[in-house]
Amino acid sequence: MSNSLSHREEQDLIINVKSLEEENRRLKEQLSGYSIIFERSLDAIIIFNKNGEFVEVNEAACHLFEMEKEELIGKRFNLFLDLVPPDILVFQQSMLHKFGSFSDELLLKLRDGKIKHIEFSMKKDAFNQFDLAIMRDISARKALERERIINEFLFKDVFNRAVDSIVIFDEFGRFIDVNPAFCMSLNLEKEKLLNLSFQQFVARQYKDDFVQLLVELKEKGTAKGELSFIRFDGTVKMFELTMTSNVYSGFYMAIMRDVTEKKNMEIKLQKSEERFRAIFEQAHEAILIWNDYGHIVNANPAASRTFELPLNLLVRRNLLDFVDNHDGRVRRVLEQFRKTGEIRDELIFHMPNGEDKQLEFTMKQGVIDGYHLAIFRNVTERRKMEKELQESEQKFRSIFDHSMNGILLWGEGYRILDVNPIACEIFQATKQQLLAEPFVKWIPEKEQKVFYKLIRKCEQSGEAYAEMTILTKEGEQRIIEISMKKEIIPSVGMMMLRDITEKKELEWQLRKSDTLNVVGELAAGIAHEIRNPMTALKGFIQLLQGSIKEDYSMYFNVIMSELKRIESIITEFLVLAKPQAIQYQQNDVCKIMKDTIDLIGAQAMMHNVQIIADFEENLPWIYCEPNQLKQVFINILKNAIEVMKKGGDVHVRIQKADHHYIRISVTDQGCGIPQDKIKKLGEPFYTTKERGTGLGLMVSYKIIEEHQGKIDVESEVGVGTTFHITLPMERVEKENEDAARI
């Protein structure tokens, strides 16, 4: 086969070579152009591999990342994306994979900590397996946008919060926008104002002034002036305003300050100057006008009378001529006046006729055309009277404060004007808590009729006396003696108060003790008189029971049962008659209560009452007589059951009151006991039940007292009653107790 080419083939080959050379030259020129564009582009151009590493960057990219090209090549783009949330990166990558290209914005964090806001466009597989990204720094633009938003926000904030009225209007004076201050000034809602204009409010006499302001505004860009607005309700408002053009979307803005009060004050000031002249001439007080050196430049007729000199001679004198300049008090007054510019004080002034007068004065610097003003009042006689009155008041105050009884002064409406310390103790309140309060506030409602009756008696006869109950600040009731005197001085009355609560308590205790003694003696006599025939009855009944053959055992059982009941009543009487010789021993109070509940359980069920027991665990035993305690528990539980006519729950709780006492609480859901009746519980023959004798509770109180304990009662009408029995864990023998008291 021949290797030589034909002439035509050689020609075709030459043409093809030239064509390829031309194409190669053109591609080189195009590549050179692309290279120039790549390097000189103002936008950063970056080529990434599939790992997100920089493969090629242009000079703008180096400037954007503030790194040399050699430093950037091979670094991962993710190193600069610390500020971008991971979910945003995932989203952007998914969009790039889905569509092949993607544009968005990012925050770059450079290695020196600088942050740049960029706008980018990416194209996937732009060069075989390489991705192309074009980035532009838009940090400055973003900063301007933020500044514009902030400025708009600040303008709106100032617009809405401004104290002065702000109005945006067009060239014809029509309102485009108004702030809340302007709405408040005209007393109209914003929606109504935006349909109106300046011309509808400007007073007729200011119409020309407003037109002139608009002309000046259009010519110079700003204008200032005053306008009078007439509101729809007819009232007039005066405004000082400053207008500016093209400050808001080509519209005009007016900042308006309400000077209505200021204008009114100017008018009043003018009138007050006229009044001052009239007052100056007609005033009863002496008025002097004087200069820095003390020379009197003007004086009113009253000053002539006070200083005992004709006006023409008084205005030639120096104010310092009337005082003792060597007196330290005078020097201090003058020094203070120079420092503070005003002073109010009193001094002795020496009159030309030799008389001394004590003058009260007020001085103020530079109030009238730079001259000083002084107003004088003669208080010589008043100070003399005040001194006498003060001495008298000191005597009264000493008696008032140190009195052994409470003293209260009252005025109009029987409101308290003053109280002494003893009265404060009676009311358990401070003086400030009592002052200005009506006295009736401290009297219970049920006794207020008695108080008003006492007032009427005092009004008629000038004085009155009574005993009544008052409420203290803590809500405690106290019994006091009240002695009232009407108008010891004009419009002021006096009350003498004496707390006799303890006295009444002692009297009540004494009466109760006497009653108990009588009841004890009566009980002993009755028990003795009944027990003798009872013994005979029991003996003959027992003999009779053996001799009668027919079966009357049921009757005999009933008779014997009733006789035993009579014996138990006699035993209760003897408890009242004298202290019993009882053997105290340690017992479980919880067991005694359980036995009592079991004993009385049947009666409770008959009355539809459930007894709920709640005993604290590991309670110590106490020294007691169990049968007597059981008697007390039975009395209280029976009372609780009987007061609940419709049934209910009785709660029995036993717990430690403290380290030395145990508390037994029995709570019912009955009708409750009024507070005034609780105190009488335990008295002989006092009961709240229709057919009761009162002996049950009286015996219970006696038994608990013998056990060195106490019974407390809490009750609320309509809610229920709780009996608290407090018993000591350790019993103190009587001899030891008496020795301890001694």
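Analyst: Two strands pair if DSSP finds at least two bridges between them; strands (E, at least two residues) are DSSP runs, numbered from the N terminus. The model is predicted: local features need pLDDT of at least 70, side-chain atom pairs count only at pLDDT 80 or more, and totals for chains, interfaces and linings use all residues. Residues are numbered from 1 along each chain as its sequence is written, and side-chain values use heavy atoms, without hydrogens and water.

User: Which residue in β4 is the bridge partner of serine 101?

Analyst: Serine 101 has lysine 123 of β4 as its bridge partner. β3 (residues 101-109) and β4 (residues 115-127) are antiparallel, with 9 bridges. Their hairpin has 5 residues between the strands, and glycine 113 there has a positive phi near 90 degrees.

User: How many bridges join β4 to β5?

Analyst: There are 7, and β5 (residues 130-137) runs antiparallel to β4. Isoleucine 118 has aspartate 137 in β5 as its bridge partner. In this hairpin, with 2 residues between the strands, asparagine 128 adopts a positive phi near 55 degrees.

User: Why does threonine 469 count as buried?

Analyst: Buried means under 20% relative accessible area, exposed over 50%, and partly exposed in between (1.4 Å probe, protein chains only). Threonine 469 counts as buried because its relative accessibility is 13%. This residue lies in strand β18 (residues 463-471).

User: Which residues is threonine 469 in contact with?

Analyst: Contact means heavy atoms within 4.5 Å. Leaving aside neighbours within four places in sequence, threonine 469 contacts Ile443, Pro444, Glu447, Gln477, Arg478 and Ile479.

Terms used
Helices (H or I, at least four residues) and strands (E, at least two) are DSSP runs, numbered from the N terminus.
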